[in-house]
Amino acid sequence: MGEWILDINLNILQLEVLKILIHKTTPLQAGELRFIRKYFEMTTTAFGSAFGVSHAAVIKWENGHLPALPMDVYIRMYVMDRLKVKNAEFVKLFHEVNVATLTQAKKSQRKGKWLSVNVRHRKFARHPQRS
């Protein structure tokens, strides 16, 4: 019998995770912010500069002192701009994730109630079997 080998394109997987993160209806968490920064291969200084904050602020975000909700939305818009998405995607993000939605989610988290996150299942292209 043959041996099974997973053939996962990590670049596509990371891109899909990034897309899911920018559309989630709860505030971005520390690890998610780090993932975004590292996806774009940015230092904490460069990432902070993109948002008008110091590298120390980025380090605080990545250690759990999360940015204010308007900055959360701005980070998502920055990601969409870097991915060069179409205007329709920006409109979709505006309706899915806004400061009011994030505020409600943050309040629910404080009360111990978690909002459900709708994760869209995406089909990945199958790679042909290698001989």
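Start by selecting Ile8, which sits in the segment before helix H1 (10-23); helices here are DSSP runs of H or I, at least four residues, numbered from the N terminus. This is a predicted model, where local features need pLDDT of at least 70, side-chain atom pairs count only at pLDDT 80 or more, and totals for chains, interfaces and linings use all residues. Residues are numbered from 1 along each chain as its sequence is written, and side-chain values use heavy atoms, with hydrogens and water left out.

Next, the rings. There are six aromatic pairs, counted when ring centres lie within 6.5 Å (planes under 30 degrees apart are stacked, over 60 edge-to-face, the rest tilted). Select Phe35 and Tyr39: this pair is tilted, at 6.4 Å centre to centre and 35° between the planes. They are four residues apart in helix H2 (residues 30-39), so about one helical turn separates them.

Jump to Phe47 and Phe51, whose ring centres are 4.9 Å apart with planes at 70°, so this pair is edge-to-face. Are they buried or exposed? Both Phe47 and Phe51 are buried (under 20% relative accessible area; exposed is over 50%, partly exposed in between).

Finally, select Phe35, Tyr39, Phe40, Phe47, Phe51, Tyr74 and Tyr78 to see one aromatic cluster.

Methods:
Helix = DSSP H or I, 4+ residues; strand = E, 2+ residues; numbered from the N terminus. Buried < 20%, exposed > 50% of the residue type's maximum accessible area, 1.4 Å probe, protein only.
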